[in-house]
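Dear colleague,

I am handing over the structure below for your files. My notes on the ligand site and the sheet follow it.

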Amino acid sequence: MKRYEKFADQIAELIRAGVLAPGEKVPSVRHASRTYGVSPSTVFQAYYLLEDRGLIQARARSGYFVRELARHSLAEPETSAQAAQTTEVDVSELVFSVLGSLKDPHTVPFGSAFPSPQLFPLPRLARSMAHALRDMPAHAVIADMTSGNPDLRRQIALRYMVAGVRLALDELVITNGALEALNLCLQTVTSPGDLVAIEAPAFYATLQVLERLKLKAVEIPVNPREGIDLEVLAERLANLPIKACWFMSSLQNPLGASMSDAKKQALYQLLLQHQVPLIEDDVYAELYYGAQPPKPVKSFDTDGLVMHCGSFSKSLAPGYRVGWVAGGRYAEQISRLKLMTTISPSVPAQAAIADYLQHGGYDRHLRKLRHALETQQDAMLASAARHFPAGTRVTRPSGGYFLWFEFPEPVDSLQLFQLALAQGISLAPGPIFSATRRFRNCARLNHGHPWDAQSEQAMELLGRILASF
Ligand SMILES: Cc1ncc(COP(=O)(O)O)c(C=O)c1O
């Protein structure tokens, strides 16, 4: 990190903590330079950066001031409402039309599911790929297909260990991204017509997988801070023949909710009591902003009931399509199903990631990535507070790169999606996250891209469209 970036972060922290209040003057360049022992040009660069992030503004001949709405002033949404008990799922057409809108590289990518590729160490990964392939024994090209790259398996198991989860190595199945892992888990424990408990709102691919496998959804309400409503889940488990649960216990997509450890443990006990397996989708696990990584429900699993799915797509290597599942008592069945369908993710891609994990500085990269995402979240929250209509609510996830907005009732996010797209801005409208097409006045916005003048203009434009409803 450059000196001016570090200094900008110090000032941003003072703003976030309320030490520098909205409307207050930030130290003059001369004063800051003397007090903090940095050069005037470092201070200038830092202030330009904070201006870009929407935290401070220059006033002619007066200096820099904390922006009035720099501390987020929009309220948070409440727990989602309960839906009908079970639902057939039919959302794919809608999802594909939204995904299609993301192909144009000139569109402002607020609707994207990925952070900016600029935030990933792609050149370093390419070197790892070259290095790993040069040293790869010939037989490994074939042998590693069935069981996965042994170094990669060890590295993944090591990361579980560091996070406090003990795993037997043979529980790990390497897959084509987390999405294959999730599909295989669901196929392992259900048959067409079965009921699966999911979150509402849920990641849209969850709904598509249920639709494809002809499974019925039991939607469980989610609180944007605390995660699923355990009371509703307990009632549903007691009264319905639910065959599996598919939940994100940390940094849930799209709400960003993270359950407390106590709640994760209570969820595990409930599932244990009913002997219902949990498919735990944890693809954002590495993108937490705090000092400690969130624990997965898997860390409480004493019975092999949790299938914990992870991926490098969001944290290191999008497009490499390398993910995994720690499959508990289902690992063998999952592995066989994988061999019957796709056999294996690309062996070179696995080798590249294994080499990178050993030599590339993954944790250093993650620290930078988390920091960038947190900074960009601040910028989007501050910008929304400036431009979006009164009554808008927004989540405050403690990680990841999504914000979930709940707009005042007249706003129709499907219409908003069309109107914004016509102006070159994508977003993910609420109904794609629901089996019952709810959340019509909601949308998910991605802040995974460096914040710049174009982002700010796009938020302003969205604000104008929102005001027209
Ligand atoms: C919640 C969630 N689960 C799973 C996936 C799929 O991950 P992968 O790209 O590793 O298949 C995504 C990607 O968007 C996601 O957001």
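**Ligand site and sheet**

The ligand takes up the space of the largest pocket. Please keep in mind that this is a predicted model.

The shell around the ligand holds 15 residues, and the closest are A178, D281, Y284, S311 and K314. By type, eight residues of this shell are nonpolar, four are polar and three are charged. Helix 8 (residues 177-189) supplies four of the shell residues, the largest share.

- S311: an N or O atom of the side chain is 2.5 Å from an oxygen atom of the ligand.
- Y284: a polar side-chain atom lies 2.6 Å from an oxygen atom of the ligand.
- R321: an N or O atom of the side chain is 2.8 Å from an oxygen atom of the ligand.

On its own the ligand has 400 Å² of accessible area, and the protein covers 95% of that.

Strand 5 (residues 195-200) and strand 6 (residues 216-223) run parallel and are joined by six bridges. As for individual bridges, A197 has V218 in strand 6 as its partner.

Regards

Terms used: Residues are numbered from 1 along each chain as its sequence is written. This is a predicted model: local features need pLDDT of at least 70, side-chain atom pairs count only at pLDDT 80 or more; totals for chains, interfaces and linings use all residues. Side-chain values use heavy atoms; hydrogens and water are left out. A residue is near a molecule or strand if one of its heavy atoms lies within 4 Å of it. A polar contact is a pair of N or O atoms within 3.5 Å; within protein, one must be able to donate a hydrogen and the other to accept it, and residues adjacent in sequence count only if both atoms are side-chain atoms. Accessible areas come from the Shrake-Rupley method with a 1.4 Å probe; for residues, only the protein chains shown count as cover. On a 1 Å grid over the protein atoms alone, a cavity is a set of points where a 1.4 Å probe fits but cannot get out, and a pocket is an open set with protein on both sides within 12 Å along at least five of seven lines; lining residues have an atom within 4 Å of a point. A molecule sits in a cavity or pocket if more than half of its atoms lie within 2 Å of its grid points. Helices (H or I, at least four residues) and strands (E, at least two) are DSSP runs, numbered from the N terminus. Ala, Val, Leu, Ile, Met, Phe, Trp, Tyr, Cys and Pro count as nonpolar, Asp, Glu, Lys and Arg as charged, and the others, Gly among them, as polar. Two strands pair if DSSP finds at least two bridges between them.
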